[in-house]
Amino acid sequence: MREVSTFLASCSLTWASSLDILRGACSTSYGSRRLTDAEARTLSNWQARGYSESIIPNMIEGKIMDEEKQHLLEAEYANAAGDHVSIREWITRWMLFFAVVMNFHFWFLNSSPFSFQPARQISGTEPNFRWAHPAAEAAERFATYDCSGHGSVLHDTVQTNGEIVCECHTCFTGPSCAESVPDCLARIDSGDPVMYEYFWKQNAEAGTLVTPPWYRMSYSEGMSPETGCTLALERQIRTLHKLVGNVAAEGKTLIISSGSTPLLQGIVQALTYQKQVSFSAVAAVPFYELYRRQTDMFGDERCAWAGDAKLFAEDPGNAGKDAIEFVTYPNNPDFLPREPVLNGSCAHIIYDFAYYWPHMSAITHKFDEDIMTFTLSKVTGHAGTRIGWGLFKDPTLAALVKLITMTNSLGVSHDAQARATRLLSAITSTYGKDNGPVPQILPAAQYAKEGRIFHYGRAVLERRYKWLEQILGSSDRFSLLKHEPEYCAFFGQTLEPSPAYAWVYCNRKDDEDCYQLFLNAGIVTYRGANYGVTNRHVRFSLLKRDSDYEVLEKYLPKLVAA
């Protein structure tokens, strides 16, 4: 009833307002003639003195007549006024009708249970528009802590004895990471891409994301049922591929995953379910060890690891057998371009394009394969965010892969997707601007300042590879796999190699265990046996921090000179 009373009262006010407006509008005109300003003022004075409205026109014309003639004129003007009254009533009725309709419209919206109301009307409290400021200020405050360039303080850094102490990088210690750890090993074994930490500190604003505590709390709200990710992330991924030109993403189904690792296993399982046959999983040596480890751990009678793809293809007994071949391009660990060994209808190729990005590899052509996988870690360096994705020509296979990955994890973290979207947006917005060619001779720090991550990464990796080439090339004890300059379509020029890894071979007869040789010298590498070859091979990672290579620079020249 309160809403109805309010509605009727508003209608009454509107009626009165409409009449006042109409009366004011009509009081300054007679017939088809508009009064001048002087006549309007005279009219107002005569109305205040109580003159009849019908004789005013005559007074304005200066014709005050006697009473008898005036009565005749009043009758004449009454007939004319009747026409004006009918027009006035017609306008008034339409204004009233419009006012009633509009009042009913607003009353319905405010009283209807389906109306959309501001949050403060629902909660009864005024919104706080500065709720993110304390968290943002805390993050900025933590970033100002002095950790001597060898550590950091983050929002989840645990206090020690009630005090905030820096989290130090490898080989550094102390409250501010200013002390070097004696005889610390140079750990250049893992592919942890922490070299990009410096880049993102220079681009903090572009990469920072503020996430409210109510952000996408549901399992699936806001997620695409086809891809399993947000529309914003899918758009950024497709924009990135179009910008770089490494693969053809148009027309393919995209599936998101918590990193590329579970995605690879999901694809293997999906292929076995779809084809309903037994598979052999292979990869040409040297291969990424995870392929073998995953297959051995999660494989069953439908899929078993069969080793080197070349040996598998050469065995006549394997002719006509269904097989899955993993192809890493460029290859991990040697970073050479890789083509499939198997072919034919029984061969199912999974292309792993983790490293096919402009900072690590020349973009020589655009791939358009049936199954292609990628990882955020090698694009932006955010390995801990755990975002990977796949592109599929077969939508049925893609749906099966999504079903398997969703069954294992119920989806990918929405917070991780939001962070990935923000990071990729920072890249695509920078390179999406047509600023002309950028010279390739600037220092890495300059590229970081400009927000050009592909230029920055290439400058860092190229410098490290050249240094290794120079040091190891000064002795015949070691052989470094050489890479030749290549034309890169993304940069539009021929560039020196900038691989993510260096593949090293120990030449001396006594150095059969190359890994142990380097370890004895204080250098931790990756064993060749992990990649299906002998331990005369080791892999150097070029993706670590500068501080790791500062330690390496102390040890490696001594070993080479020995």
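Is Cys514 buried or exposed? With a relative accessible area of 0%, Cys514 is buried (buried means under 20% relative accessible area, exposed over 50%, partly exposed in between, with a 1.4 Å probe and protein chains only). The model is a predicted one, where local features need pLDDT of at least 70 and side-chain atom pairs count only at pLDDT 80 or more, while totals for chains, interfaces and linings use all residues. Residues are numbered from 1 along each chain as its sequence is written, and side-chain values use heavy atoms, with hydrogens and water left out.

On to the disulfides: the structure holds 4 of them (pairs of cysteine sulfur atoms within 2.5 Å). Cys514 is bonded to Cys506, with the sulfur atoms 1.8 Å apart, and 60° about the S-S bond makes this link right-handed. Cys506 is buried too, at 0%. Cys168 and Cys177 are also joined, S to S 2.1 Å, and a torsion of about -95° means that this disulfide is left-handed. Here Cys168 is partly exposed at 28% relative accessibility, whereas Cys177 is buried at 0%.

As for strand 8 (residues 253–257), 4 of its 5 residues are buried, so the strand is largely enclosed by the rest of the structure (strands are DSSP runs of E, at least two residues, and helices are runs of H or I, at least four, numbered from the N terminus). Strand 8 pairs with strand 14 (residues 388–392) in the antiparallel sense, over 5 bridges; pairing takes at least two DSSP bridges. Within this pair, Ser257 sits opposite Gly388 of strand 14.
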